[in-house]
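Open the model in your viewer and keep the selection tool ready. The stops below each give something to select and then say what is there.

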Amino acid sequence: MTRECAVLLPGVCAALADPRQPGLDDTCLEKLLDWFRSLTWFDPTVELVQDNPCLTELLSSMLALPDPSPGILSFTLQLAGILASSESRFQHLQQEKLLGRLFGPEGPRGGAAWEDASVRSAWLKGVHSMLHHLPALHCLCSTGGMDVIFTLQGDPSLFVASAASQLLVHLLTFSLESETSKALSAKECDWPGCAQMIVEHIKESLQSSSAPHIEQSLKLLSSLFGSCFGSCYAAWTEVLWLDIAKQIESFLLEETVQAQPLLANLLLNVARSPAFCGTEGSFWALVTSALEHFTPVQAGLLAVGLLKLCKCPQDVRIQALTVLLQPMDCILRAASQPLECAGLLDESVSDPATVESLLSSKTSCAGLLCQTLTHLEKLLSLKHLRVDLPCVSLLHSLMTILQFCNGFLSPTSPLGSTISRNLINCFRVQKSALDVLAALSEKKECDTLIGNLFDVLLAYLQSPNTSPTVLKKTFQATSKWLVHLQELSSSNSQGPQTEKILEDVLVVLQKRLCSPCWEVRDSSLEFLTSMVKCLRDQKEFRQCLLSSEVLRLTENLLEDPESYVRASAVTAVGHLAPIACFAPDSPVTGSQYNRESIVAKLQEILSTDSEGFPRRAVISIFTKWLREGCTGQLEDTEHFVSRVIQTVEHDLDWEVRLGGLELVEVFCSQTICQLSQCPYAPVTSAVPSSTPQKELLQVFCRAKLFGFLFGSLCDCDKPVGQRACDVLVGLRGHFYPMSTLENPQEVEDSPAGRGIAWLQRTLRQGSLAQNFPVDGDVGVDFQDPESMMLALGAIDLLELHDELNKSSDHVEESPQSLLQDILAAVGTIEDNEVDCY
């Protein structure tokens, strides 16, 4: 603790203990506690409380108050726990008889203040902070503290109940660390004192007839097995499991639905423990039993968790997959009568009638299918799934679900008819099924069904009943399968089929681009952009695209009344242009869709559009074109960049200005590469060759880059200034590669020196944007190569870089300032003494 803080602390403690003072802001109290945590973490000695007696006086004063405010009492309990976190300070506070009166029976837990949840929560936090040594543990156990924690497990406040559970996990782990004197033999062991109390409490609660007590213990067990206890104490984990396994098994056989989610979570956390990574033992038999006895919903949650585990017996893994696939199997079997194709499963884990009953119910059908589909999508996203999915049958089942949902399939079986009625126009199921369908595009086994699949997708794309959100999902799935189709056609004779599918898709796209619904137009443009990104190198795609009306319709949408659509149209046009009008052999060169027309339209949007989204899209596309070399020769590019940044520097949207800086950065990098012999060659002298450097500076000055960059340094939006500084630091690194910077005195004496010195001072004040120099006023010419070379070498850009990267609260986020703020808030110091932040 600094001397300045030690001087202020007594006044702060006195103010906190004074009941006449107004309550302090909770944020101040939390920051004060954070400061004490850092102090006690780095210094475990008793000197902190001995050298600052005001701390113990604060604790005593709080105990003397007949009716302390809950906020200050909560602060005091937490502070006492933090101070008592080291054994030496704990003993000192015990000698002062403070801890027993704060945390014992005679403390707040026996009074009216205990009714406030914040006080109960603070008591738990204080105890948690204190429990880092054995004397604190023994004190808690001997004063009835364990019973209080057990009671708070069921507190009506979820925050308090959660804190109690976390504290019990910490207590059990700490007890094993501190109270176990010899290596554990898993067969003959005695739990140490405190751990024994917790384990007995868990067992008693599990055997009670009280559902809340059972649930509390199941939650506690899940937390225990899911914490470091489960991973670091394998032998103790096994002992604890053996103590409770019979009781857990009885819950499974009772089939109590309320406990199933907790049991599923518990079994998964136990399964993750190293103690049960083998294939032998009764634990996995219990897991298998759970898969059989749980409802399909809870069994699905358990199954997907098991399939994600690295170490799980293969037979359990197969059973878990069977549970997940059972609803999909039921759908496939219900689709036709008699069966035209085999189902997914040869046999079920549990009674198929249960799943059929859920799918037959209007209230549960969609919920079960959505959950199942979500689980399957997660499994398909795994890089290493240790069980084989029947992808062809799964795809067939997905197509059946989608056809049920849009009414394109009329099953003859009674079950199929019921499910079809339940699913008609069910958007939730449609979206989930399309997500899984998209994920299946990576599986090569599904190639035989690709024609049927596109029939289903096209039906959704064409149907006027497809909702905008479902249509967006259909576009995303179609895009992924089109990529797969192109890979397929390049390796076999699927060319004619591919071309037909592409033509059909583009015909539908043309219609959707004219939709009266703006969400549909927007999704259609996003789909078009996605297709161009993935398929631009495919000859069939380019031919189909350039012979369609898509280009004209997309360009028309640059004038759409909805800003989101205009932004998406800009992005789509930006991706279309390189293949439609920038390529030298483009078949549409010379038509209305040409380079000059497109560039002019986008520049008009950048300078006149009233919304930020389209302007951001334009600057992003311009940067993309620049990276890909679509802007022509150096002279053309220089003119293009100059025009763009003169528009961008006055834009009110900081993201557009930031995009302009990214454009400048790309332009600088490319120009340096073009005009330098080899950008990666080592520099052999302190000053590089003057001719390329001079030419570079002339290009940058003609493009008016330096005025934009130096002006952006003082932008009111910090990310803009930071990016501008990064670009200037990079340029200085090129022009002054060996840190041979200009001598400040020599700069001051040069003709342009006064202007550069003014520029340095102005940048330090952060006011350049408001007082931008006019040529002649101060002698700074941002288009003069020699002046800019001098500015790059003389101005301390690294100092400016550090300033820009400091957080906004770096100046006064200090303990001293915090203490001054608290004293100011309670009115004990003058206003000019406080340094609020």
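Predicted model: local features only at pLDDT ≥ 70, side-chain atom pairs only at ≥ 80, totals over all residues.

Coloured by class, the contact of α19 with α23 shows five nonpolar residues, one polar residue and no charged ones. Now widen the selection to the whole helices, residues 314-334 for α19 and residues 414-423 for α23; their axes come within 8 Å and cross at roughly 115°. Angles of 65 to 115 degrees count as roughly perpendicular, and α19 and α23 are therefore roughly perpendicular to each other.

Next, select residues 211-226, which form helix α13, and residues 260-271, which form helix α16. Here the axes come within 8 Å and cross at roughly 20°. With under 35 degrees as the cut-off for roughly parallel, that angle makes α13 roughly parallel to α16. The crossing of this pair, α13 and α16, is left-handed.

Which residues in α13 and α16 meet? On the α13 side, show E215, L218, K219, L221, S222, F225 and G226. On the α16 side, show L262, L263, N265, L266, N269 and V270. By class, the contact of α13 with α16 has seven nonpolar, four polar and two charged residues. For reading the spacing along either helix, recall that an α-helix has 3.6 residues a turn, so residues three or four places apart point the same way.

Move on to Y233, in the loop between α14 (228-232) and α15 (234-254). Is Y233 buried or exposed? Its relative accessible area is 17%, and the cut-off for buried is under 20%, so Y233 is buried.

Then select residues 145-152, helix α10. This helix is mostly covered, with six of its eight residues buried. The buried residues in α10 are G145, M146, V148, I149, F150 and L152.

Finish with cysteines. Select C28, which counts as buried at 18% relative accessibility. C312 also counts as buried, at 8% relative accessibility. How many disulfides does a search of the whole structure find? The search finds zero. A disulfide is a covalent bond between the sulfur atoms of two cysteines.

Note on methods: Residues numbered from 1 in each chain as written. Heavy atoms only, no water. Axes fitted to C-alpha atoms, helices over the stretch in contact; angles between N-to-C directions. Helix = DSSP H or I, 4+ residues; strand = E, 2+ residues; numbered from the N terminus. Parallel < 35°, antiparallel > 145°, perpendicular 65-115°, else oblique. Left-handed = near helix turned anticlockwise from the far one by under 90°. Contact = heavy atoms within 4.5 Å. Nonpolar A, V, L, I, M, F, W, Y, C, P; charged D, E, K, R; others polar. Disulfide = S-S within 2.5 Å. Buried < 20%, exposed > 50% of the residue type's maximum accessible area, 1.4 Å probe, protein only.
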